[in-house]
Amino acid sequence: MKPPRTRSYSNRTLLCLPKEELRRLEPQLTPVKLNVHETLIGAGDKAKHAFFVEEGICSLVVEMKDGITVEVGIIGKESVVGAPAVLGADHSPNRAFIQIAGSGYRISLQHLRAQAERSSELKSCLVQGLLAMTSQSAACNRIHDLPERLARWLLTCRDRLDYDRMPLTHEFLAIMLGTRRTTVTLAAGALQKAGLIAYSRGHVTIENRADLENTACECYATVRDEYRRLGLLDGKPASRRPDV
Amino acid sequence: MAKKYLRASGPQKERRQNHLLAALPSGVRNRLSSEMEVIHFEAGDVLFNPGDAVEFVYFPHRNTMFSLLCSTEATFVEIGVTGSEGFVGVPGILGSDVSPHQVIAQIPGSATKLRVRALQSEFQRDARVQKILLKYVSSLLAQVSQTALCNRIHTIEERLARWLLISQDRVRAKELPLKHEFLAKMLAVNRANLTLAALKLKESGLIHYTRARVAVVDRKRLEQVSCSCYRIVRGHFRNVLESNRGTRRG
């Protein structure tokens, strides 16, 4: 049987693995298209698969019975969707759905768990970033205002994409931020007026990155630096934060 | 910071006070027991500040609870709690040498202190240890995730009710020694608003409190006032306990 053609990967967690481990995993990775709005893992589900995103954005939300939704994290090509299940969670605490279409690899949890058991590096990769992002969101959601949280999420998305024009509707942003669409429209309008972003036909483009970073709450940089430290995002992390 | 270090007089007894330690295979526990030490805490004692090296991990006993706080430029915000169902110093087994968060003792009590290197060594060589500890980490992730929503959506009263119920689940005491300033800090609300919310709960006969102690009077009705985040987080907590009961060795 011909050996599989060597793939080149974009997913940073896969690229973090030693070459032999990646080669062992390769036959278990099924290429999949990630369609917008598609739910990869439902809240409360006993997940069967995990996903390595290559392109696109997956949103992690907590949902209440009355339909209120708040985003607690974003996963793109830096990471894995379904990490809690790999660590042993019986049911997914979040709903993971595709916010921006793309592609990736699907792997059965059984195989990923077997791999993770052998590799402490993989285990760390799986959860450190997510824990940092979720923790920061818990704090951010309590004390920061909509405009700064909106700026944070736009930058977080952009860091995980290879292009500028991000397909993000106001409705989507409202779900992400746990607020009403009208409120998002106002906040986005203000950012646009200040020349920080441009919004047209359901797409958001960051026009002035530096000033948008200044507008964002510090949660953006804190999580970004943690991901950089973990090798999941490009760039040098800022020096370790001083004791408060 | 007042801390009293006491050699465990009955190491068996202390270990059974933390569910994770009790669930570890007995061989692992025996190997670790010489590294274990029982520590006592006062309310407000700081175990980790953001950026501190994780040299030790702590397994709380049934009488206490720790708060995890995320620090921002302006303030600290509580993002989760850990009682005897878990341990603090989680970054230590995830390959990080540093605590990103502040960890404080909420309620005076005791915990088992263990050198992180000793735990790491057992963790790396034994899949059963990995399973037990990582299952807890996944439940912590779920708790923090729920808190992210709760902190965004729910009112001070709902969050206060939730917080009191979560604490009571972990700390087996009728009364919790809790000052209003402390609670206000945990919930990241201004103290006056916290006091107003507590007053409302008191006037409805759900809790009783003085300046420094809170008691849950009507648990059932308090659960109704609380947001459903309480029930959801309790579900994660019970999941960990149940899975450990299944793996517990003698």
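The contact between the two chains comes first: 41 residues of chain A touch 46 residues of chain B, where contact means heavy atoms within 4.5 Å. This is a predicted model, in which local features need pLDDT of at least 70 and side-chain atom pairs count only at pLDDT 80 or more, while totals for chains, interfaces and linings use all residues. Residues are numbered from 1 along each chain as its sequence is written, chains are lettered from A and ligands numbered from 1 in the order in which they are written, and side-chain values use heavy atoms, with hydrogens and water left out.

Together, chain A and chain B bury about 3700 Å², 63% of it on carbon and sulfur atoms. Buried area is the accessible area (1.4 Å probe) that two parts lose on being put together, summed over both.

How many salt bridges does the rule find across this interface? There is 1, and a salt bridge here is a side-chain nitrogen of Lys or Arg within 4 Å of a carboxyl oxygen of Asp or Glu. The partners are B:Lys135 and A:Asp90, with their closest N and O atoms 3.0 Å apart. In general, side chains of opposite charge can pair when their charged atoms come close.

The interface also holds 11 residue pairs in polar contact, both residues being at pLDDT 80 or more. A polar contact is a pair of N or O atoms within 3.5 Å; within protein, one must be able to donate a hydrogen and the other to accept it, and residues adjacent in sequence count only if both atoms are side-chain atoms.

Which elements of chain A give two or more residues to the side that touches chain B? They are β3 (49-63), β4 (69-75), α3 (83-87) and α5 (120-143); helices (H or I, at least four residues) and strands (E, at least two) are DSSP runs, numbered from the N terminus. Of these, α5(A) gives the most, with 15 residues. By class, this side of chain A has 17 nonpolar, 12 polar and 12 charged residues. Ala, Val, Leu, Ile, Met, Phe, Trp, Tyr, Cys and Pro count as nonpolar, Asp, Glu, Lys and Arg as charged, and the others, Gly among them, as polar.

Let us stay with α5(A). Its axis lies 10 Å from that of helix α10 (residues 219-229) of chain A, at an angle of about 170°. Axes are lines fitted to C-alpha atoms, for helices over the stretch in contact, and angles run from 0 to 180 degrees between N-to-C directions. Therefore α5(A) is roughly antiparallel to α10(A); angles under 35 degrees count as roughly parallel, over 145 as roughly antiparallel, 65 to 115 as roughly perpendicular and the rest as oblique. Among the residues in this contact are A:Met133 of α5(A) and A:Tyr227 of α10(A).

In chain B, the axes of α7 (residues 180-187) and α8 (residues 191-203) come within 9 Å and cross at roughly 105°, so α7(B) is roughly perpendicular to α8(B). The contact of α7(B) with α8(B) has 5 nonpolar, 2 polar and 2 charged residues.

Finally, the whole structure has 24 salt bridges over all chains. One of them joins A:Arg209 and A:Glu213 (3.0 Å, N to O). Both residues lie in helix α9 (residues 209-215) of chain A, 4 residues apart, about one turn of the helix.
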